[in-house]
Amino acid sequence: MKKENLTYEEAMARLEELARRMENNETGIDRLAAELKEARRLMDFCKEKLYATDEEIKKILESDEKE
Amino acid sequence: MKALTLYELNGLVRGVLEQALPDEYWLQAELSEVREAYNGHCYLEFVQKDLDGRSLVAKARGVVWAGVYLRLKPMFEREAGRPLSPGLKVLVRVGVTFHELYGYSLTVRDIDPAYTLGDMARQRREILARLEADGILNDNKDLPLPVLMNRIAVISSATAAGFGDFCNQLLRNDYRLRFDVRLFPAVMQGERVEESVLAALDAIMAEADRWDAVVIIRGGGATSDLSGFDTYLLAAACAQFPLPVITGIGHERDDTVLDLVAHTRLKTPTAAAAFLVQHQLAAAARLESVSRSVGQLAVARMERERMRLERLSAALSAAFSQVRVRGEHRLEQLALRLSHAWQQRLAAERHALEVCGGRIGRAIPVRLERERFRQQLLRQRFEAADPAVLLKRGYSMTFCGGRLVRKASDVEQGKEITTRLAEGEIRSVVQ
């Protein structure tokens, strides 16, 4: 699945789909590693959107000091 | 006829008015102007509009003297939730006065905030009814909140404390949640609210894909003037806005129309920020949960697969051992048959041998008998030749000098001869 233009909701939907497939034993053992890797990538993508980086947090704290 | 001075004429008018209208009257009117003077008095202008509200049909000046205003102002603001301001419909108890210099004026003695409240409520009801008739009342509420809602367009006044509170609460959340906030400044109280909030909404609309939600906030106490948020145009714009609108316009009393059409209504900017943080926490929890379950499911899947393999290998080895047992069984049977056959063969051989042996056995005595007979004949022949036998028959043997004497001439006189008989010997001397 293409990474650019992926929205958070699409990523979550895909993640949930992967989880469901695993739950229902639809994931072939040959595909398991690949799907796990894909899930990992989607999780990282979502986390990046959800959480601030250290740099951003530093910036916020610095702007507080200026005030 | 003596001409009157203006002062005299105004004095007459004043006298007549004071005589004809000595009482106080409850008056319903709309304020078109409110001006607090430095000396504490409050100057007002009352108007009445025609039925479609376009043109004035009556107008009068009014005043609240400082002593009265000191008492009425906080009471009204507390009860009505807003200050006296233009556009407000009020019910006031007035006395009618006329002053030679200042002319006709209404002196306000009391005000009934319940009337204003009722009127505001009526106005809100009318706006809501119109939004409903337009079919847009719940449009914004029906928008799904995006799962990830952290790009926030804020409409507020840059100087308001509310915006600072909001940013603090949002950006310094304890969970490191990311939020991108941009302020679209607007006037948040007074007459220009509608116009400037609409302008801010337009600015956000121009880049709607860059934002997840609109937050309209302002700080301020319960007495702030919220009438600007009770307009049809603003409510319609918010209701139809393509992004969810979240309000936190800082008041405890009745909801404004804006609050009623907004997707989510919160009381304060801080509460709005807390709401957004909570929403992101829910997204984080969902991500966390699905991440965990993907991991667990993958592990479980591997475990199941491992167990399947184990079962298979157990089944395989069982099958194998069955095959082996069968093989061994066959081998045993084979061995058994072999040994059976062997024994049979052995028995047969033995039998053959026995038969053979029998024949030999029978042949031997015959042969032995024959041999014995031969030997008997031989022995008889030997016995016939034995001197002892002749001796027994009475013959005797004579030895001389150890040699057998066959002729009498073989002996000389005087020689000793030995005669052997069957039993014993006789020694004699030849004469």
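This briefing covers a contact between two chains, a sheet in chain B and one residue of chain A. The model is predicted. Chain B contributes 21 residues to the contact and chain A contributes 24 residues. In chain B, 4 strands make up an open sheet with antiparallel pairing.

- On the side of chain B that touches chain A, helix H8 (residues 269-385) of chain B gives the most, with 13 residues.
- By residue class, that side of chain B comprises 12 nonpolar, 3 polar and 6 charged residues.

**Sheet in chain B**
- The strand order in the open sheet of chain B is E12-E11-E13-E14.
- Strand E12 (403-404) and strand E14 (425-429) of chain B are the edge strands, and each pairs on one side only.
- Strand E13 (residues 416-420) of chain B runs antiparallel to E14(B), and 5 bridges join the two.
- Thr418(B) has Arg427(B), in E14(B), as its bridge partner.
- In general, the strands of a sheet pair through backbone hydrogen bonds, in either a parallel or an antiparallel manner.

**Glu38(A)**
- Glu38(A) lies in helix H2 of chain A, which spans residues 29-50.
- Glu38(A) counts as partly exposed because 16 other C-beta atoms lie within 10 Å, whereas a buried residue would need 20 or more and an exposed one 12 or fewer.
- Glu38(A) and Leu15(A) are 23 residues apart along the chain, and their C-alpha atoms are separated by 8.6 Å.

Methods:
Residues numbered from 1 in each chain as written. Chains lettered and ligands numbered in written order. Predicted model: local features only at pLDDT ≥ 70, side-chain atom pairs only at ≥ 80, totals over all residues. Pairing = 2+ DSSP bridges. Contact = placed C-beta atoms within 7 Å. Nonpolar A, V, L, I, M, F, W, Y, C, P; charged D, E, K, R; others polar.
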